[in-house]
Amino acid sequence: MRVGVHINRFNHPGGPAAVGPELAAAGAAAEAAGVSWLSVMDHYFQMEFNGGAEDAMLEAYTTLGFLAGHTSTVRLGALVTGVTYRNPGLLAKIATTLDVLSGGRATLGIGAAWYDREHHGLGVPYPPVAERFERLEETLRICLQMWDPEANGPFEGKHYRLAETLCVPAPVSSPHPEIMIGGGGEKKTLRLVAQYADACNLIVSTPDELRHKLDVLRGHCDRLGRDYDRIRRTIVHTGESVTTGDTDAFLREVAGFTKLGIDTVIVGPRTGEPAEWIERFVAPAVPRLAELD
């Protein structure tokens with residue numbers, strides 16, 4: 001099992017001018033530690049449980065572009081983009097640009113969106129949940145059509161209509177940037193994972209909960225004729241050890257997940273100074289986690 005880092009705070013004590021250098025240092029620290037994944041949140045406002053809307057939040061894809069310029073090996077993505085945030089054609093173009101400029105290291109992380117305050121605050125439409133899932137599926141179809149060099153043409157959906165699906169230059173990743181769907185909804189989200197995604201991201205508390213979610217995903221794959229083993233499975237771990245920085249406790253907390261086919265466990269510092277946290281907590285965990293059976 002590999003380790004990923006999810007940067008979710010931008011409230012550096014040195015103020016806005018210190019955020020860029022700190023992120024560059026975090027990228028360097030992540031690669032030195034052997035981290036396989038580096039992500040940021042895609043929100044307009046900071047989440048309520050993480051400091052609140054008045055706390056610092058950066059635009060995700062600008063930040064990922066900055067990280068692409070300061071890294072060379074780690075995979076980059078948003079965890080995850082709300083489908084309501086950007087027009088699907090524009091989103092495909094943005095993800096393609098990140099993939100091209102990073103040398104094929106981009107993942108399109110996407111979900112159905114949930115943070116109503118940021119939508120209302122900035123005047124972005126926030127449709128009901130059923131419509132958001134319809135839009136999510138259409139967005140996935142649009143991205144795949146834009147990334148297919150033989151498929152340029154119109155797209156006619158219930159919510160989106162594109163006259164052309166040109167995407168030039170094409171992604172560096174083959175056949176296209178990885179698609180990661182975040183969320184554990186059993187009827188809709190995991191069905192979309194089975195049908196469209198290359199990876200999934202789950203937030204679970206126990207190995208038993210994870211086993212159940214993966215069984216549901218496997219069932220969707222069986223019904224759709226999809227090879228379950230071709231889906232990269234990741235989890236976010238938010239145990240107490242991540243906050244305290246206790247590597248031994250972290251390994252104990254995640255040991256039960258190792259036999260369930262998880263590719264990457266993703267952890268996020270609750271600090272605006274992630275570089276030091278990566279060096280102190282994550283770097284020792286990477287080789288030890290890789291040894292777990």
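Trainee: Which residues form one aromatic cluster here?

Mentor: Keep in mind that this is a predicted model. The structure holds 4 aromatic pairs, and some of the rings involved come together in one group. That one aromatic cluster is formed by Phe 250, Trp 277 and Phe 281.

Trainee: Trp 114 and Tyr 115 form an aromatic pair, but is it stacked, tilted or edge-to-face?

Mentor: We describe a pair of aromatic rings by the distance of the centres and the angle of the planes. For Trp 114 and Tyr 115, the centres are 5.1 Å apart and the planes make an angle of 15°. Planes under 30 degrees apart count as stacked, so Trp 114 and Tyr 115 are stacked.

Trainee: What about the rings of Trp 277 and Phe 281: stacked or tilted?

Mentor: Their centres lie 5.2 Å apart, with the planes at 45°. Stacked would need under 30 degrees and edge-to-face over 60. With 45° between the planes, the pair of Trp 277 and Phe 281 is therefore tilted.

Trainee: How many residues apart are Trp 277 and Phe 281 in their helix?

Mentor: Trp 277 is buried, and Phe 281 is too. They both belong to helix H10, which covers residues 274-291. About one helical turn separates them, because Trp 277 and Phe 281 are apart by 4 residues.

Trainee: Which ring does the charged end of Arg 218 sit over?

Mentor: Here we're looking at a charge and a ring. The charged end of Arg 218 is 3.9 Å from the ring centre, and the ring it sits over is that of Tyr 228.

Trainee: Helices H5 and H6 pack together, so are they roughly parallel or roughly antiparallel?

Mentor: H5 is residues 129-146 and H6 is residues 189-196, with the axes 11 Å apart at an angle of about 10°. Angles under 35 degrees count as roughly parallel. So H5 and H6 are roughly parallel.

Trainee: How many residues of that contact of H5 with H6 are charged?

Mentor: H5 brings residues including Phe 133, Glu 137 and Arg 141, while those from H6 include Arg 191 and Leu 192. The contact divides into 6 nonpolar and 2 polar residues, and the charged ones number 3.

Trainee: Last one: is His 220 buried or exposed?

Mentor: His 220 is in helix H7, residues 207-224. Beyond its neighbours within four places in sequence, His 220 is in contact with Glu 186, Lys 187, Leu 190, Arg 191 and Ala 194. Its relative accessibility is 9%, so His 220 counts as buried.

Key
Residues are numbered from 1 along each chain as its sequence is written. This is a predicted model: local features need pLDDT of at least 70, side-chain atom pairs count only at pLDDT 80 or more; totals for chains, interfaces and linings use all residues. Side-chain values use heavy atoms; hydrogens and water are left out. Rings of Phe, Tyr and Trp (its six-membered ring) pair if their centres lie within 6.5 Å; planes under 30 degrees apart count as stacked, over 60 as edge-to-face and the rest as tilted. Helices (H or I, at least four residues) and strands (E, at least two) are DSSP runs, numbered from the N terminus. Buried means under 20% relative accessible area, exposed over 50%, partly exposed in between (1.4 Å probe, protein chains only). A charge sits over a ring if NZ of Lys or CZ of Arg is within 6 Å of the ring centre and within 35 degrees of the ring normal. Axes are lines fitted to C-alpha atoms, for helices over the stretch in contact, and angles run from 0 to 180 degrees between N-to-C directions. Angles under 35 degrees count as roughly parallel, over 145 as roughly antiparallel, 65 to 115 as roughly perpendicular and the rest as oblique. Contact means heavy atoms within 4.5 Å. Ala, Val, Leu, Ile, Met, Phe, Trp, Tyr, Cys and Pro count as nonpolar, Asp, Glu, Lys and Arg as charged, and the others, Gly among them, as polar.
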